[in-house]
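Please consider the following structure.

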Amino acid sequence: MSDQNLFTRMANGFDHAARFAELPDGRVYTYQDVLDVSARFANVLTSMGVVPGDRVAVQVPKSIEALMLYLGTVRAGAVFLPLNTAYTPAEVRYFLGNATPKVFVCDPASAQALAPVAAEAGARLETLGVWSAEAGEKAGTMAALGLAASPEFETVPRKGPDLAAILYTSGTTGRSKGAMLSHDNLYSNSAALAEHWRFTARDVLIHVLPIYHTHGLFVASNVTLIAGGSMIFLPKFDLDQVLAAMPRASAMMGVPTFYTRLLDDPRFTGEIAGNMRLFVSGSAPLLAETHRAFEARTGHRILERYGMTETNMNTSNPYEGERRAGTVGFALPGVDLRIVDPETGAPVADGQIGVIEVKGPNVFQGYWQMPEKTAEEMRPDGFFITGDLAMRDPDGYVVIVGRAKDLIISGGLNIYPKEVEEAIDALEGVLESAVIGVPHPDFGEGVVAVVVREPGASLEEAAVQAALSDQLAKFKQPKRVFFVEALPRNTMGKVQKKALREAHSGLFSAC
Ligand code: AMP
């Protein structure tokens with residue numbers, strides 16, 4: 001059987017002379033550079049004794065070299081394990097202990113703090129910073145070793161189910177699970193997305209997502225590589241940089257906060273977006289209101305898709321045809337998606353809420369060394385239980401209503417936070433809201449709303465409660481409403497409901 005290595009399959013279509021990336025310091029990376037630099041890193045890793053199946057853990061600032069280290073690891077047949085740059089040494093300790101990588105590459109600035117952590121896990125410690133001609137030692141030991149290594153490397157053949165990456169799901173330390181992703185998982189999903197979203201060698205993608213997460217690492221980077229397109233590769237979402245890049249770009253992938261931040265800036269106009277053909281949103285729910293405001297401003301309908309670390313992307317709104325606000329569209333080609341009753345596993349009728357389950361070449365190989373956790377989330381017929389609650393609208397579009405673990409049960413009745421949030425968000429003076437369930441002595445859980453006011457608004461708790469009194473059944477109405485400056489969000493734009501629940505956990509028990 002031919003080589004199924006993700007890199008080999010992506011590299012099939014490379015035009016060596018074509019541009020791959022434009023970098024913030026003005027450097028341009030060609031596809032020949034992609035081949036050369038990834039080969040250098042593959043040689044360095046191999047010379048350190050890394051063999052197929054070994055894990056290479058990486059916690060480094062975003063840079064094109066970090067992306068090449070990902071490709072080099074895959075070429076060496078090893079398993080790439082990126083870690084969120086925000087993790088503390090104590091958190092990194094858990095990941096290294098769990099994954100036992102042969103090599104751990106960190107930011108040169110953190111090397112001292114992480115040396116004992118790497119030693120404890122038996123991993124060789126190397127560093128990689130953001131490269132520049134002047135960076136010197138700050139570029140890291142991997143950069144120096146890479147420069148000295150050969151740019152020729154015979155990519156190690158792999159079978160489709162062999163592992164290419166492990167990505168830890170976001171969660172608290174100790175409970176985070178390593179999702180094992182195979183060469184087939186990654187290739188099949190990126191190829192499906194490139195086709196579905198019509199990516200070609202002419203595309204120029206604004207890359208502003210982090211590369212330790214599935215969205216920026218696999219969706220954005222692999223789709224570009226498969227299509228032979230190029231990117232404007234930026235360290236993070238910075239309004240000025242994105243606005244400056246946009247007239248030269250054709251596509252952007254982002255989390256919803258990127259789009260609200262663009263809309264908040266009057267410089268963002270239809271003209272600036274005149275060359276763009278596609279804006280993709282995912283990783284967190286895009287408000288229907290943002291979708292509409294974006295269209296009104298630019299004439300573009302944001303294309304919302306839905307996926308997760310374990311499954312890659314599952315659904316997408318259509319490229320042609322209606323991109324419907326507040327929905328994540330339909331299952332991607334090759335993905336089987338059903339919405340079922342969480343208790344019985346039986347499919348629910350259209351319009352009813354249930355849990356999304358998916359099956360297909362995109363679905364991961366299980367959690368690293370946690371077979372019991374894998375078994376808990378897999379149905380015997382191979383469907384993965386996502387934990388996302390959703391329904392289909394009358395035309396079959398999937399509408400996500402929240403995570404199952406965020407469902408509120410008050411007095412034995414189910415309350416979907418999104419329904420309450422939508423009612424609150426529609427009130428004058430409200431920017432956004434998060435609705436949570438908090439332990440309650442009588443009801444099991446009581447509904448609590450955390451609200452961000454629009455600038456200058458002076459809305460108070462009683463006014464919110466009064467406004468909702470004839471809109472929502474009594475059991476759905478918030479027993480308390482709190483106001484905050486901003487909702488707690490992680491870097492992928494997800495509202496941290498767990499943190500909100502913890503902050504208000506004693507609220508009703510005290511009374
Ligand atoms: P992660 O594994 O970090 O990518 O998080 C995956 C989770 O993000 C999913 O299980 C969903 O709960 C959420 N998510 C991803 N995309 C969307 C979307 N378009 N709308 C709503 N939630 C989303």
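The questions below concern a sheet and its aromatic pairs.

This is a predicted model, in which local features need pLDDT of at least 70, side-chain atom pairs count only at pLDDT 80 or more, and totals for chains, interfaces and linings use all residues. Residues are numbered from 1 along each chain as its sequence is written, and side-chain values use heavy atoms, with hydrogens and water left out.

Q: Which strands stand at the edges of the open sheet of nine strands?
A: Strands are DSSP runs of E with at least two residues, numbered from the N terminus, and two of them pair if DSSP finds at least two bridges between them. The order is E2-E1-E10-E9-E11-E12-E13-E14-E15, with mixed pairing. One side of each edge strand lacks a neighbour in the sheet because each has a single partner strand; these are E2 (28–30) and E15 (330–331).

Q: Is Phe279 buried or exposed?
A: Buried means under 20% relative accessible area, exposed over 50% and partly exposed in between, with a 1.4 Å probe and protein chains only. Phe279 has a relative accessible area of 1%, so Phe279 is buried.

Q: What is the distance from Lys177 to the ring centre of Tyr367?
A: A charge sits over a ring if NZ of Lys or CZ of Arg is within 6 Å of the ring centre and within 35 degrees of the ring normal. Lys177 lies over the face of Tyr367, and the distance to the ring centre is 4.6 Å.

Conventions:
Helices (H or I, at least four residues) and strands (E, at least two) are DSSP runs, numbered from the N terminus.
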